[in-house]
Amino acid sequence: MALPNNMPTCPCCAFILSSGDGALSSLPWNQDRDGSGLCFSAAPQPVETTTNAIIDPVEAWEKIRAIGRGGEYKHENSVLLVDSHGHPQLRREAQYDAGSSSEQPSSVVSLACAVAPPDWEDVIAYSSHEYILPALGVHPWYLNEIMETSASDAILSEDCLEEYLDWGWLDDLEAKLLEHPNLLVGEIGLCKMAKFVREFPKEKGGKATAMALQKMVFRRQFELAARFQRPVTVHCVNAHGILMDIFKDIYENAKSSPTASENGGKDELKRRLRRAFPPSIAMHSFTGTAHHCNELLLFEREIISPGSTQRGGNRRRNKKRETETRHEDSDSDNPIFYFGFSHAVNHLMCTSEKARKKGGEAVRAIPSERLLVESDVHNPSDVALGTAGAASYAANVRGLSLEEIVTTTTTNGLRFLRSVGRPQL
């Protein structure tokens, strides 16, 4: 299916402006540097130098609202927070005490992520507000939703795994991407801890077959996002090595494509490699290590500037130097990889000292321009509180004030979300 040159707007795509429409009244829009696209500007926010302990999400949200009331904003509904990942459309039981508010406030820009095809229309409907973007995809926990019913009793073979999935959902996802120009792809990913993996029947191949199915589904969605140049939000738990293997394979395929020798040239190679990946990739509720973060950032350098990580021959790389130079050759205005953290996963679910220490090291390893906060909640009333809790967690771990983290992550979150409208390379 060919991509149209000018994708149409639609009622649920309030973030995308038609030609000549001017700026939306409720969000601080401004023209991109080159005038070819749209970007956001985070509302200016006062910064304190004192740091905060991890405070209750309700208290954190009240403090952030106070920051907004004390600031000078150009728009009545200025952005206070950006929630880069959540599932409020599911409308499950609220996790936090929201008081009198039962819906998401318009001062919180958010990304509502689907988990499986049955909730795609709910995500589209929930995202009818101009401060909410939709993301559609198949979560690695919910592959049962796309299994062929006729294959339920069959013995799965690695040679014919595709036959055991109903691929109609992928055609539907492509159609949705064509229909909705502001649509992101997510939540997609890999998860060795998923119930789908743990309980996959041994007579059908057990965990190995379940992971093979996960990899296949993830890659198809990831490559579709790259083809449409839509950002993705990625779930990766205990599967960093598998994720990197997929990324490296995509990279090598693009590098050695049949057109490479015909069209040659360093600039052409860079364009081809960059288009093999989505414009932005958010690692959702990141549970990897500081080493995993550095590995992804070094890989980004290789995408943007092929061969940059191999320069200097076979000499042994100094780890300190590697960390200091991981941003060389990167596009600091348009990063590929972002790293999101949530109060629910990265704080509440990390109960052991070892897990919290590892998590803290990862949070501190993230370059400031790539840090995101997210709610990862399942009820509209929890969006602001969950995101505020995530901001409090990140502020505590990084030794910064709540105000500083909110300022940084709002700017980053808007940059990540506006990459959906970035002109194609």
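In helix H13, Ala391, Ser392, Ala394, Ala395 and Arg398 meet Leu402, Ile405 and Val406 of helix H14, where a contact means heavy atoms within 4.5 Å. By class, this contact has 6 nonpolar, 1 polar and 1 charged residues; Ala, Val, Leu, Ile, Met, Phe, Trp, Tyr, Cys and Pro count as nonpolar, Asp, Glu, Lys and Arg as charged, and the others, Gly among them, as polar. Keep in mind that this is a predicted model, with local features needing pLDDT of at least 70 and side-chain atom pairs pLDDT 80 or more, while totals for chains, interfaces and linings use all residues. Residues are numbered from 1 along each chain as its sequence is written, and side-chain values use heavy atoms, with hydrogens and water left out.

**H13 and its neighbours**

- The axes of H13 (residues 383–398) and H14 (residues 402–418) come within 8 Å and cross at roughly 115 degrees; axes are lines fitted to C-alpha atoms, for helices over the stretch in contact, and angles run from 0 to 180 degrees between N-to-C directions.
- H13 and H14 are therefore roughly perpendicular to each other, a label for angles of 65 to 115 degrees.
- On the other pairing, H12 and H13 have axes that come within 9 Å and cross at roughly 85 degrees, which makes H12 roughly perpendicular to H13.

**H6 against H8**

- H6 and H8 (residues 266–275) pack at about 145 degrees, with their axes 9 Å apart.
- Tyr251, Ala254 and Lys255 of H6 meet Leu269, Arg272 and Leu273 of H8, giving 4 nonpolar, no polar and 2 charged residues.

**The largest pocket**

- The largest pocket holds about 870 Å³ of space; on a 1 Å grid over the protein atoms alone, a pocket is an open set of points where a 1.4 Å probe fits, with protein on both sides within 12 Å along at least five of seven lines, and lining residues have an atom within 4 Å of a point.
- There are 39 lining residues, and His235, Val237, Thr287, Val345 and Met349 are the closest to the pocket's centre.
- Elements giving two or more residues to the lining include strand E7 (232–237), helix H6 (240–255) and helix H12 (353–365), and H12 supplies the largest share, 4 residues.
- Sorted by class, the lining has 21 nonpolar, 14 polar and 4 charged residues.
- Helices (H or I, at least four residues) and strands (E, at least two) are DSSP runs, numbered from the N terminus.

Terms used. Angles under 35 degrees count as roughly parallel, over 145 as roughly antiparallel, 65 to 115 as roughly perpendicular and the rest as oblique. Grid points are joined across faces, edges and corners, and a volume is the space filled by probe spheres set on the points.
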